[in-house]
Amino acid sequence: MHIVIGALSAMAGLIWAFVALQRSGFNPDSINPFLWYRRAQWRRKYGVRPIYNLDDPMDVAAVLILGVAKCEGEISREQKQAIQGLFETEFGLDNNAAADLLLASAHLLRDEIYLVDNLEKVLARSAAAFAARQVESLSAMMMQIGTLESALNDEQRKLISATEQYFQKTATQKDGWR
């Protein structure tokens with residue numbers, strides 16, 4: 001009988017300790033290595049900022065074009081109309097799709113303070129999808145939006161030149177492998 005009472009006391013002590021640990025914030029699932037690996041994969045894939053996960057060259061180009069306009073400060077109504085017009089003519093979008101692309105790009109750039117510092121992260125996933133003609137068109141559109149209201153300022157020049165240098169670097173690497 002004393003063995004049964006000892007076993008029940010030990011079981012009650014373990015349950016009490018387990019409940020006390022849960023109340024203090026310990027999660028027993030944190031010990032599971034499979035769950036930890038799945039969470040690490042999830043964090044690696046979806047824990048980064050959305051601007052760094054852009055795969056489509058059109059989305060990246062839209063962000064960079066809007067980034068050039070935003071280097072001057074707040075974007076004026078005329079700049080927004082010019083950017084939306086560029087999206088319609090160059091990308092072949094209708095009015096609503098161009099407005100949606102402009103809105104999505106503005107949303108992605110809302111927390112980005114200095115785009116030049118993180119340009120490699122923005123272009124990393126989509127750089128291979130850019131064709132040479134798309135790179136030239138992107139550079140021309142960035143220059144067009146940058147010189148819309150005034151001459152290019154230093155930040156706009158840095159962003160445009162950094163973009164061109166990034167694509168020259170990746171283009172030379174591609175040519176070397178063929």
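The model is a predicted one.

Helix α3 covers residues 57–70. Among the buried residues are Val60, Ala62, Val63, Leu66 and Gly67.

Other buried residues of α3, including Pro57, Ala61 and Leu64, also take part in the contact with helix α7. Two packed helices are described by the angle between their axes and the distance between the axes. For α3 and α7 (residues 132–146), the axes come within 8 Å and cross at roughly 25°. Angles under 35 degrees count as roughly parallel, and α3 is therefore roughly parallel to α7. Their crossing is right-handed. On the α3 side the contact is made by Pro57, Ala61, Leu64, Ile65, Val68 and Ala69, and on the α7 side by Gln134, Leu138, Met141, Met142, Ile145 and Gly146. These residues divide into ten nonpolar, two polar and no charged.

The second pair consists of helix α4 (residues 77–91) and helix α5 (residues 95–109), which pack at an angle of about 120° with their axes 9 Å apart. The two helices are therefore oblique to each other, and their crossing is right-handed. Lys80, Ile83, Gln84, Phe87, Glu88 and Phe91 of α4 meet Asn95, Ala98, Ala99, Leu101 and Leu102 of α5. The residues of this contact comprise seven nonpolar, two polar and two charged.

Conventions: Residues numbered from 1 in each chain as written. Predicted model: local features only at pLDDT ≥ 70, side-chain atom pairs only at ≥ 80, totals over all residues. Heavy atoms only, no water. Helix = DSSP H or I, 4+ residues; strand = E, 2+ residues; numbered from the N terminus. Expected span 1.5 Å × (residues − 1). Buried < 20%, exposed > 50% of the residue type's maximum accessible area, 1.4 Å probe, protein only. Axes fitted to C-alpha atoms, helices over the stretch in contact; angles between N-to-C directions. Parallel < 35°, antiparallel > 145°, perpendicular 65-115°, else oblique. Left-handed = near helix turned anticlockwise from the far one by under 90°. Contact = heavy atoms within 4.5 Å. Nonpolar A, V, L, I, M, F, W, Y, C, P; charged D, E, K, R; others polar.
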